[in-house]
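Visitor: Hi, I'm new to this one. Can you walk me through it?
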Protein chains: 4
Amino acid sequence: MIVHLNKNITKEKAQQLAEKYQSTLFENGKFVLVTPSKVKAAEGELKELAEAVFVTDSDIQLAGKEYISTRREVKIGDITIGGNSKNTLAIAGPCSVESEEQIEAAAKFLVELGVKALRAGAFKPRTSPYTFQGLGLAGLKLLDKMRGKYGLQIVTEVRDSTHADEVIEYADVIQVGAKSMYDHGILHKCGKTKKPVLLKRGFGTTLQEFVQAAEFILSGGNPNVILCERGIRTFETKTRFTLDLCGATWLKENTNLPIILDPSHAIGYAFGVPDLARACIALGTDGVLIETHPNPKEAKSDASQQLNFDEFRKLYSSMKKVAEAVDYKIV
Amino acid sequence: MIVHLNKNITKEKAQQLAEKYQSTLFENGKFVLVTPSKVKAAEGELKELAEAVFVTDSDIQLAGKEYISTRREVKIGDITIGGNSKNTLAIAGPCSVESEEQIEAAAKFLVELGVKALRAGAFKPRTSPYTFQGLGLAGLKLLDKMRGKYGLQIVTEVRDSTHADEVIEYADVIQVGAKSMYDHGILHKCGKTKKPVLLKRGFGTTLQEFVQAAEFILSGGNPNVILCERGIRTFETKTRFTLDLCGATWLKENTNLPIILDPSHAIGYAFGVPDLARACIALGTDGVLIETHPNPKEAKSDASQQLNFDEFRKLYSSMKKVAEAVDYKIV
Amino acid sequence: MIVHLNKNITKEKAQQLAEKYQSTLFENGKFVLVTPSKVKAAEGELKELAEAVFVTDSDIQLAGKEYISTRREVKIGDITIGGNSKNTLAIAGPCSVESEEQIEAAAKFLVELGVKALRAGAFKPRTSPYTFQGLGLAGLKLLDKMRGKYGLQIVTEVRDSTHADEVIEYADVIQVGAKSMYDHGILHKCGKTKKPVLLKRGFGTTLQEFVQAAEFILSGGNPNVILCERGIRTFETKTRFTLDLCGATWLKENTNLPIILDPSHAIGYAFGVPDLARACIALGTDGVLIETHPNPKEAKSDASQQLNFDEFRKLYSSMKKVAEAVDYKIV
Amino acid sequence: MIVHLNKNITKEKAQQLAEKYQSTLFENGKFVLVTPSKVKAAEGELKELAEAVFVTDSDIQLAGKEYISTRREVKIGDITIGGNSKNTLAIAGPCSVESEEQIEAAAKFLVELGVKALRAGAFKPRTSPYTFQGLGLAGLKLLDKMRGKYGLQIVTEVRDSTHADEVIEYADVIQVGAKSMYDHGILHKCGKTKKPVLLKRGFGTTLQEFVQAAEFILSGGNPNVILCERGIRTFETKTRFTLDLCGATWLKENTNLPIILDPSHAIGYAFGVPDLARACIALGTDGVLIETHPNPKEAKSDASQQLNFDEFRKLYSSMKKVAEAVDYKIV
């Protein structure tokens, strides 16, 4: 149950109530309490001090349609997604920042096409210790330089809690990766900023658990959470993962958060990315994440799935047509 | 390895060769031998009598791009899919034939909209013996009547070998369901007709196995096989299955067979069908299967996933726009 | 709901009631009606004519603990499994009958060790048409010969409805394979015999669906159904399937049917079979199915997973010790 | 490729080599370099300075049988597992430390039975922010008290990098949970201690990735890594997860690390834990993790899967018999 407290309640009183009712407390204009989901009615003192009360079915509370029935609006720089915008944000770039030359080639190419958001990882969550682990802080600084020079919004990933503060400082959109989305340390820190957080679904994570991870951030006080479906792990191994578009429609139907789709990581091979990206856009989505690299064969990570610039240019042009057909606009 | 034998070879000789080389033999204008896939070169007598030889990587042979590098064309009545047609066939109708009134309501509605293919099951593969099992032969006869009256192409399912002959007789497109796709009895009989066969992927079936099931039909002598992705079973249970569009792009890239997508069975709930159907069309597909029923709530099977006529009408209109955006045409 | 009708009711009357209440009817000493599971109380005429009534939660009815709270006893020749027997039946043999020499080598070896049930397939459900498909009827006749000569119980598989009658005739235990377990044609025929049916779980089949498939046989009138867990398909591909022992404990807890485990098909590689087989026995099970072949490397199917005779002999000896440790006995 | 450097090489030289060959370096008596796995031969300077060289197939290097062909020995207090010990360590206790009274009840009960290792979580990785999150540092201190009073080895979990140092300080065995096993921050810190690390497999993690996570710790310089299979996520939801015993046999066959099995988290329901635990022991394993709680119904987390003390006592007694049957000993 979500309780909006009366505006004249002090912080001390709010904290007392939170403790008394074993609730999570945050401030967002007003004080908001979130009780365990089994509590289904405000009683006693809580009832008296409540301005509004929202009861939800499950532990999907702040993200649920029972709480906010429309899609939340999130601002990324001066771009709006969600709400009534009917905008589909194109986020593109290489898997990793590898060098200034490489990231600048990507930034320049994307800006010329009209793309406004650049993705690239500085802290890479690799499965093997014997491969490229990312440039770390130096990578963040290169991204910062690209932002300064090209006016791009920077989307970059936090891998674990040890460097969360740096990523939060440098990113315009903080990406929480599929392998890190249960990390309480990261989720807690993301709740304490107001920057948009792109939360990726773990590949073994149910939709319920995924949205509950978003609740950690929302209940920390940050309303700017974007969900990202990027493929789940199934028995099929001809492709790297299985993009769960059925799940994406469920998220649209049952949550109030913007949803971004990532066809590149889902399939893991460049050949299918254009078809899948168009499918994602026709679904009606708040954004797509697509990997493109100046020279995919030489990429230090995810070499197989990144589009080269020619492939991306063609795709980007066709994406606009598909978006129009479903009354959306690529931004 | 696939061997096209010289045109002047007799049937007896072809059969001798098939036995000698442990190969499958069929006739399609010429005699075609398919050897076990481990055989990688035609030698001796086989080499001499071969007109053309195609070596493939795996047991995907007749369906593979190494054999035929373009998509095969399949005719359904006077409609063409595959080849260079850029047609997306809309197949629609209720889950089951329930009564003449019900199926005629659907037939009439669809014909008025311009839909040319009617789907409905007479033999239902149910998971419980205590539920509606379909009208059987009587259902096939009702479908036959609809074809006569409305000129619709009939797509209907064979559940097991015991009634395969009847379905093959009555259907324009023989559907082999997800639960029956390994059934050698059915696959064998489908190989002996020339009618198009819509082969659905089992929900626990890998892409490799799926295409290999198609090989049973193709190597029986029937070139008119259409693959249908209809959702696979994953850990996610908020939706009934997970539509594998990554897999669909793999099939497009690696096989020569037309591909049809079934969003209705994949998600299992009407709410997501329109978004998913548009995504399927934007992917670039040879057809979509969508369930619609005059009164979904009263449906005797799959009540939750069938669209009502208003919902279908709206979807159908939007499907045309999306198809155009990717240079396809809904037929 | 299951209704035992009064003993003095005629067949005609029973059939009338079945039609009136949309129920399944079979005779087993008395007439038994099974209604759709949503019916939760016998009313009117049905109440009057009922001798006993059993209400169940789901469409697991005849197989459920609400109907029969203990494990059913099934007889295979003069061997009993289930009930209070605490017997674990060892079923062993090659994947396929390949020749008289091969099957006799296996039969002789097993009889000398004390194994009483021989498994081998004559109709093989292969994934590719270009591989060995089994000896068919000739294979059944070789198995018949082994039974005559060595007194072994024969466990063999029906692949599809077209040869179900032959398998039912020749087998002591009719095996319905993982790929055929939804086949209504087979399930229907298995319901009309009293021979034990070993029903294998499909690798993409939920426990609920699996037991519901058993309901088709039980409600056909055959009480001798044995469930077999043989591995499900998961994202892990280092092993062929994943043996679901969690599921096996669920079946023990929630159904009244004997349960047999098949480690060989689950893992798909000989190296893990002994450890897994011992784990299966320690779980407390009514039987295990283990593949062994005189010369696994030359096997025409499943070469990688069959134990050679030395490996099997060692395993068999250790199985007895483990069975004893959990108060079971290998038979 | 793993390279043992000559004993007389200085740290500076070793570091130079590591940089030159893009290798990971650690010291364990001698300096050990691990190159990217694509390097298959020591050449030039590296060849000259190598004392021994081990080439492996994949990025399973330090954990692989090509490097060390027998199971590694790990000491937990004065208990040995792995090596030639044939010991199966019983680790038991509640899911979470809830209060001093609760944890002491468990500690006392277990010590009286003869159990030597106590498990309980202080930092709980919960899926919802609105439930009990663990006692944190206070919980660690209670565990420390139990160690002092009862001489138990303490197994407790690190949830994220923010409190890794505290857990490493207080635990005898550092547990890295299923949701945290990709956490580079944690893995890095675990590589810098010599305390045993119990690394749990993520429920969506392949065996290959799982062992590669262990490589992060091993290549950090800590040889005391224990793998723990605790159930993977599959389509089956009647049980919480699916215990992958096929995978456990693969780990035994292909890695040199001790393996512990966790039936409690796998099934998620107390009813199946005893049968599964016995199965685990019969498989031949270096340990089992079993949850038991003084009053499972009141447990603040995982209430459904914890055994009460009577259930545990019975199970523990039967475990000894099963262990003996496979020549192991419960310690």
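Visitor: How should I read the numbering and the model itself?
Guide: This is a predicted model, where local features need pLDDT of at least 70, side-chain atom pairs count only at pLDDT 80 or more, and totals for chains, interfaces and linings use all residues. Residues are numbered from 1 along each chain as its sequence is written, while chains are lettered from A and ligands numbered from 1 in the order in which they are written.

Visitor: Back to chain B: what is the strand order in the open sheet?
Guide: E2-E3-E1-E4, four strands with antiparallel pairing; strands pair if DSSP finds at least two bridges between them.

Visitor: And which strands stand at the edges?
Guide: Strand E2 (24-28) and strand E4 (50-54) of chain B each have a single partner strand, so one side of each is left without a neighbour in the sheet. From one strand to the next, the twist averages 20 degrees.

Visitor: How many bridges join E2(B) to E3(B)?
Guide: Five, and E3 covers residues 30-34. As one example, B:Leu25 has B:Leu33 in E3(B) as its bridge partner.

Visitor: New topic. How many residues of chain D are in contact with chain C?
Guide: 36 residues of chain D, with 36 residues of chain C. Contact means that the C-beta atoms of two residues, placed from the backbone, lie within 7 Å.

Visitor: Which element gives the largest share of chain D's side?
Guide: That's H10(D), with eight residues. By class, this side of chain D has 19 nonpolar, nine polar and eight charged residues. Ala, Val, Leu, Ile, Met, Phe, Trp, Tyr, Cys and Pro count as nonpolar, Asp, Glu, Lys and Arg as charged, and the others, Gly among them, as polar.

Visitor: What about chains A and D?
Guide: Their contact takes 29 residues from chain A and 29 residues from chain D. On chain A's side, H7(A) gives the most, four residues.

Visitor: What rotation superposes chain A on chain D?
Guide: One of 180 degrees, with 0.0 Å of shift along its axis and an RMSD of 0.0 Å. That is the relation of a two-fold axis. The superposition is by least squares on the C-alpha atoms of residues with pLDDT of at least 70 in both copies.

Definitions and conventions
Helices (H or I, at least four residues) and strands (E, at least two) are DSSP runs, numbered from the N terminus. Axes are lines fitted to C-alpha atoms, for helices over the stretch in contact, and angles run from 0 to 180 degrees between N-to-C directions.
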